[in-house]
Amino acid sequence: MNLYGILAAQGSFVFGLSLAMVSVFGFLGAPLWLWTLGIAALFVACGASYPVLAAFGLLAFLFNVPPLRAALV
């Protein structure tokens, strides 16, 4: 079963799902890697284009590796 783009036509559901994810992760104090995984899953489920996924992957890599993050921030 291909899950890529499964939520592309469900705009209000995706908005509610992302709002719930932000609320739960924020309340529980989730680590950065879990936020990254959740956002990546939403991108894939919404059918984001490959350049968007590549740009997000690059930014996620830069900010999830502590020495790189320290050099950038």
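Before you click anything, one definition: a residue counts as buried when its relative accessible area is under 20%, as exposed when that area is over 50%, and as partly exposed in between. Keep those cut-offs handy, and remember that you are looking at a predicted model.

**Stop 1: the whole chain**

Show the whole protein chain as a cartoon. Along the principal axes, the C-alpha atoms fill a box of roughly 40 × 30 × 20 Å.

How many of the 73 residues are buried, as a percentage? Buried residues make up 16% of the chain. For contacts between residues at least 6 apart in sequence, 52% join residues at least 24 apart.

**Stop 2: helix 1 against helix 2**

Select residues 11-28, which is helix 1, and then residues 32-46, which is helix 2. Two packed helices are described by the angle between their axes and the distance between the axes. Here the angle is about 175° and the axes are 11 Å apart. Angles over 145 degrees count as roughly antiparallel, so helix 1 and helix 2 are roughly antiparallel to each other.

Show side chains where the two meet. From helix 1, pick V14, L17, S18, M21, V22, F25 and G26; from helix 2, pick L34, W35, G38, I39, L42 and C46. Sorted by class, this contact has ten nonpolar, three polar and no charged residues.

**Stop 3: F25 and W35**

Zoom in on F25 and W35. A pair of aromatic rings is described by the distance of the centres and the angle of the planes. In this model there are two aromatic pairs. The ring centres of F25 and W35 are 5.6 Å apart and their planes sit at 70°, so this pair is edge-to-face. It links distant parts of the chain, with F25 in helix 1 and W35 in helix 2, ten residues apart.

Is F25 buried or exposed? F25 has a relative accessible area of 16%, so F25 is buried. W35, at 23% relative accessibility, counts as partly exposed.

**Stop 4: F43 and F56**

Next, select F43 and F56. They form an aromatic pair too, also edge-to-face, with 5.1 Å centre to centre and 90° between the planes. F43 lies in helix 2 and F56 in helix 3 (residues 50-64), so the pair ties together parts that are 13 residues apart in sequence. Colour these two by accessibility: F43 counts as partly exposed at 28%, while F56 is buried at 19%.

**Stop 5: helix 2 against helix 3**

The axes of helix 2 and helix 3 come within 11 Å and cross at roughly 175°. Helix 2 and helix 3 are therefore roughly antiparallel to each other.

For the contact, select L32, W33, T36, I39, A40, F43 and V44 on the helix 2 side, with L53, F56, A60, F63 and N64 on the helix 3 side. By class, you get ten nonpolar, two polar and no charged residues.

Now pick out T36, which is found in helix 2. With 15% relative accessibility, T36 counts as buried. Which residues does T36 contact, leaving aside neighbours within four places in sequence? Look for F56, A60 and N64.

**Stop 6: C46**

Move along helix 2 to C46. C46 is partly exposed, at a relative accessible area of 29%. Not counting residues up to four places away in sequence, C46 touches G5, L7, A8 and V14. Then use the distance tool from C46 to F61: they are 15 residues apart in sequence and 21 Å apart in space, C-alpha to C-alpha.

**Stop 7: back to helix 1**

Finish at G16, in helix 1. At 34% relative accessibility, G16 counts as partly exposed.

Notes: Residues are numbered from 1 along each chain as its sequence is written. This is a predicted model: local features need pLDDT of at least 70, side-chain atom pairs count only at pLDDT 80 or more; totals for chains, interfaces and linings use all residues. Side-chain values use heavy atoms; hydrogens and water are left out. Helices (H or I, at least four residues) and strands (E, at least two) are DSSP runs, numbered from the N terminus. Buried means under 20% relative accessible area, exposed over 50%, partly exposed in between (1.4 Å probe, protein chains only). Rings of Phe, Tyr and Trp (its six-membered ring) pair if their centres lie within 6.5 Å; planes under 30 degrees apart count as stacked, over 60 as edge-to-face and the rest as tilted. Contact means heavy atoms within 4.5 Å. Axes are lines fitted to C-alpha atoms, for helices over the stretch in contact, and angles run from 0 to 180 degrees between N-to-C directions. Angles under 35 degrees count as roughly parallel, over 145 as roughly antiparallel, 65 to 115 as roughly perpendicular and the rest as oblique. Ala, Val, Leu, Ile, Met, Phe, Trp, Tyr, Cys and Pro count as nonpolar, Asp, Glu, Lys and Arg as charged, and the others, Gly among them, as polar.
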